[in-house]
Amino acid sequence: MDLFSEALEDSVQSFQPLAERMRPRSLNEFIGQREVLKGYLRKMIEAGNVPSLIFYGLPGTGKTTLARIIANTTKSNFKKINAALSGIGDIRNIVKEAEEQRKFYQRRTILFIDEIHRFNKSQQDFLLPYVEDGRLILIGATTENPFFEVNPALLSRLRIVRLKRLNDEDIVQILNSALKDSERGLGDEGVDVDKEAISAIADFANGDARIALNILEQTAASGSVTLETLREILGEKVQRYDKKGDNHYDTASAFIKSMRGSDPDAAIFYLAR
């Protein structure tokens with residue numbers, strides 16, 4: 001890398017949000033999801049033998065981050081698309097590149113599809129032969145129950161990994177890491193920090209690491225992370241639920257699907273929401 005490229009990379013990183021800069025790069029940096037990562041998945045990642053997967057969980061629980069970590073750890077070619085914005089043409093191009101990567105560089109290709117539930121049946125079916133013959137390692141991410149939103153034929157070729165909401169202790173640890181990190185975080189910013197404010201951010205984030213880091217970044221811009229500056233930014237704490245907006249219908253839909261799927265914990269959660 002020459003000096004110009006290095007300067008450009010530093011400039012790009014400086015404009016990235018804190019949540020993006022602090023994205024974990026390895027399993028050792030990843031915080032939370034202990035039940036998932038203490039078992040077979042971690043062993044498969046470290047052995048470089050990862051099957052096609054679906055990460056199912058709420059926003060901010062680490063779906064995209066884990067996909068990137070898998071690609072880094074297994075030294076795979078990583079391609080990311082959003083199902084709401086992409087189509088079969090994009091997949092064809094990625095398959096062509098994957099074949100070249102395998103032929104000339106002996107590298108596997110991991111295709112990460114965010115919001116995979118937004119793909120229609122024909123788009124999901126198009127993935128089948130490439131997942132089946134190994135040309136693509138598919139990692140899908142969804143906030144919707146995959147048993148209702150992903151075609152059975154594709155689902156039978158994937159392992160479902162459910163990511164749970166992060167607890168407050170995990171969020172506090174993530175925030176403290178960002179405050180101490182001088183390379184990617186706020187370690188050199190000289191920010192005054194109130195522990196009560198950090199706990200309040202964790203509580204407000206409701207298990208979403210991205211929201212927590214965004215709030216920390218906004219609060220730290222004032223030079224101090226205190227309850228007072230936090231109140232100025234957030235105002236009164238309110239539940240993120242708008243009965244006149246899309247969230248109302250998304251929540252009602254999730255409640256109905258949870259009952260249909262015989263998931264009592266999820267049904268009680270969405271009923272409470």
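Analyst: The account below begins with the chain as a whole and then turns to helix α7 and a strand that it packs against. The model is a predicted one. Its protein chain contains 15 helices and seven strands, and of its 273 residues 44% are buried. Among contacts with a separation of 6 or more, 75% join residues 24 or more positions apart.

Helix α7 covers residues 121–132. Its length can be checked: at 1.5 Å a residue, the 12 residues should span 16 Å, and the end C-alpha atoms lie 17 Å apart, which agrees. The buried residues of α7 are Gln123, Gln124, Phe126, Leu127, Leu128, Tyr130 and Val131. An α-helix has 3.6 residues a turn, so residues three or four places apart point the same way. The buried residues of α7 pack against the helices α6 (88–105), α8 (146–149) and α9 (152–155), and against the strands β3 (109–114) and β4. Just after α7, glycine 134 adopts a positive phi of about 85°.

Strand β4, one of these partners, comprises residues 137–142 and includes threonine 142. Threonine 142 counts as buried because its relative accessibility is 2%, where the cut-off for burial is under 20%. Its side chain reaches the backbone nitrogen of glutamate 144 at 2.9 Å. Beyond its neighbours within four places in sequence, threonine 142 is in contact with Ile54, Phe55, Tyr56, Gly57, Lys63, Ile116 and His117.

Terms used: Residues are numbered from 1 along each chain as its sequence is written. This is a predicted model: local features need pLDDT of at least 70, side-chain atom pairs count only at pLDDT 80 or more; totals for chains, interfaces and linings use all residues. Side-chain values use heavy atoms; hydrogens and water are left out. Helices (H or I, at least four residues) and strands (E, at least two) are DSSP runs, numbered from the N terminus. Buried means under 20% relative accessible area, exposed over 50%, partly exposed in between (1.4 Å probe, protein chains only). Contact means heavy atoms within 4.5 Å. A polar contact is a pair of N or O atoms within 3.5 Å; within protein, one must be able to donate a hydrogen and the other to accept it, and residues adjacent in sequence count only if both atoms are side-chain atoms. The expected span of a helix is 1.5 Å times one less than its number of residues.
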